[in-house]
Amino acid sequence: MIYLGSHVSMKGDKMYLGSVEEAISYNANAFMVYTGAPQNTRRKPIEALKIAEAQKLMQKHNIKLSNVIIHAPYIMNLANPSLEKRNFAIDFLTSEIKRSAEMGAGQIVVHPGSAVGSSREQAIIWIAEGVNEVIKKTKDLKVKIALETMAGKGNEVGRTFEELKGIIDLVKEKSRVSVCFDTCHTHDSGYDIKTGFRDVIKHFDKVVGKEYISVFHINDSKNERGSRKDRHENFGFGEIGFKALLEVVYHEDFTQIPKILESPYVDDKPPYKEEIIMIKERKFNPSMKEQISQKAEEK
């Protein structure tokens with residue numbers, strides 16, 4: 001069995017319950033969600049999230065809590081040269097981890113940070129210091145901090161496996177840190193996901209250790225390899241391609257690791273149900289976008 005799902009929303013009156021309902025509508029057995037808007041710090045009270053109802057529905061549909069992924073907001077930068085802004089990132093990530101634990105999630109995906117106004121070496125040190133402080137503030141919780149592989153836009157840290165290793169090496173409690181492996185990001189950063197995924201994993205294992213991978217973001221890319229642009233494409237429609245992405249999903253070393261789709265919408269409609277069908281049937285549907293567009297027009 002593979003654990004496959006997508007990003008889903010959490011909004012309105014149903015909140016977390018609505019997230020689970022959306023995942024079920026895609027025939028998913030995993031999903032990823034923000035605890036609130038990724039661009040700000042406004043969050044609803046825990047008691048408003050409908051956590052008990054959501055978990056009851058998950059149990060009914062055999063969705064394990066271990067396959068619920070939280071994504072941290074983009075507004076945090078653990079590598080910011082400003083101590084005040086780094087402390088803000090630490091405090092907000094701490095609160096997000098506490099919310100994740102209340103929701104029953106076992107990990108939160110975090111963009112490591114951006115080396116603005118400092119060297120990448122210093123940025124790695126600040127990120128690790130921030131992760132250590134967050135872990136210290138949440139020492140009674142088991143939520144992992146999953147550092148995401150990055151495409152390398154601007155001054156993003158985490159473009160190479162060596163940079164992720166640099167952070168992890170400085171984290172004191174290794175059991176609380178992991179890696180989110182994003183296929184679009186690693187392709188855009190220069191790794192050969194299209195024709196050499198197994199070799200990429202061998203390299204990752206040598207540098208970081210494949211046991212650190214706790215979640216995959218399964219995304220195709222609009223860009224050529226090494227572009228450092230980070231523009232996602234629908235599954236099988238981009239530069240990586242269907243065959244290569246299917247190899248990632250079904251790689252024998254990662255059968256127990258959740259795979260999360262972050263594909264662009266088609267005419268404001270989520271493509272995830274159709275993409276999950278293609279993946280499970282292992283058959284590419286070149287007309288998928290047109291079919292979604294047609295359904296959107298009919299509505």
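Which residues is Phe181 in contact with, leaving aside its neighbours within four places in sequence? Contact here means heavy atoms within 4.5 Å, and the answer is Thr149, Phe161, Thr186, Ile193, Phe197, Val200, Ile201, Phe204, Ile213, Val215, Phe216 and His217. This is a predicted model, in which local features need pLDDT of at least 70 and side-chain atom pairs count only at pLDDT 80 or more, while totals for chains, interfaces and linings use all residues. Residues are numbered from 1 along each chain as its sequence is written, and side-chain values use heavy atoms, with hydrogens and water left out.

**The nonpolar cores**

- A nonpolar core is a set of buried Ala, Val, Leu, Ile, Met, Phe, Trp, Tyr and Cys residues joined through side-chain atoms within 4.5 Å.
- Buried means under 20% relative accessible area, exposed means over 50%, and partly exposed is in between (1.4 Å probe, protein chains only).
- The largest core holds 84 residues, and Phe181 is among those with the most contacts inside it, along with Tyr16, Phe31, Leu93, Phe216 and Phe235.
- Helix H4 (residues 120–137) gives this core its largest share, 7 residues; helices (H or I, at least four residues) and strands (E, at least two) are DSSP runs, numbered from the N terminus.
- There is also a second, separate core of 8 residues, including Met32, Ile69, Val109 and Ile260.

**Aromatic rings**

- Rings of Phe, Tyr and Trp (its six-membered ring) pair if their centres lie within 6.5 Å; planes under 30 degrees apart count as stacked, over 60 as edge-to-face and the rest as tilted.
- By this rule there are 15 aromatic pairs.
- One of them is the edge-to-face pair of Tyr34 and Tyr74, with 5.8 Å centre to centre and 75° between the planes.
- Tyr34 lies in the loop between strand E2 (30–33) and helix H2 (51–60), and Tyr74 in the loop between strand E3 (68–71) and helix H3 (83–103), so this pair ties together parts that are 40 residues apart in sequence.
- Tyr34 is buried at a relative accessible area of 11%, whereas Tyr74 is partly exposed at 46%.
- Phe216 and Phe254 also form an edge-to-face pair, at 5.0 Å centre to centre and with 70° between the planes.
- This second pair links distant parts of the chain, 38 residues apart: Phe216 is in strand E9 (residues 213–218) and Phe254 is in the loop between helix H8 (242–249) and strand E12 (259–261).
- Both Phe216 and Phe254 are buried.

**Charges over rings**

- A charge sits over a ring if NZ of Lys or CZ of Arg is within 6 Å of the ring centre and within 35 degrees of the ring normal.
- Arg86 lies over the face of Trp126, 4.2 Å from the ring centre.
- Arg282 lies over the face of Tyr250, 3.6 Å from the ring centre.

**Salt bridges**

- Side chains of opposite charge can pair when their charged atoms come close.
- A salt bridge is a side-chain nitrogen of Lys or Arg within 4 Å of a carboxyl oxygen of Asp or Glu, and the count comes to 11.
- Lys165 and Asp169 form one of these, at 3.2 Å from N to O.
- Being 4 residues apart in helix H5 (residues 161–170), Lys165 and Asp169 are separated by about one helical turn.
- Glu247 and Arg198 form another, also listed at 3.2 Å, N to O.
- That pair links distant parts of the chain, with Glu247 in helix H8 and Arg198 in helix H7 (residues 193–207), 49 residues apart.
- Asp253 and Lys210 meet in a salt bridge at 2.9 Å, N to O.
- Asp253 lies in the loop between H8 and E12 and Lys210 in the loop between H7 and E9, so the pair ties together parts that are 43 residues apart in sequence.
- Asp253 is partly exposed, at 39% relative accessible area, and Lys210 is partly exposed at 29%.

**Cysteines**

- A disulfide is a pair of cysteine sulfur atoms within 2.5 Å, and a search of the whole structure finds 0.
- The sulfur of Cys180 is 12 Å from the closest cysteine sulfur, in Cys184, which is too far for a bond.
- Cys180 is buried at 0% relative accessible area, and Cys184 counts as buried at 0% too.
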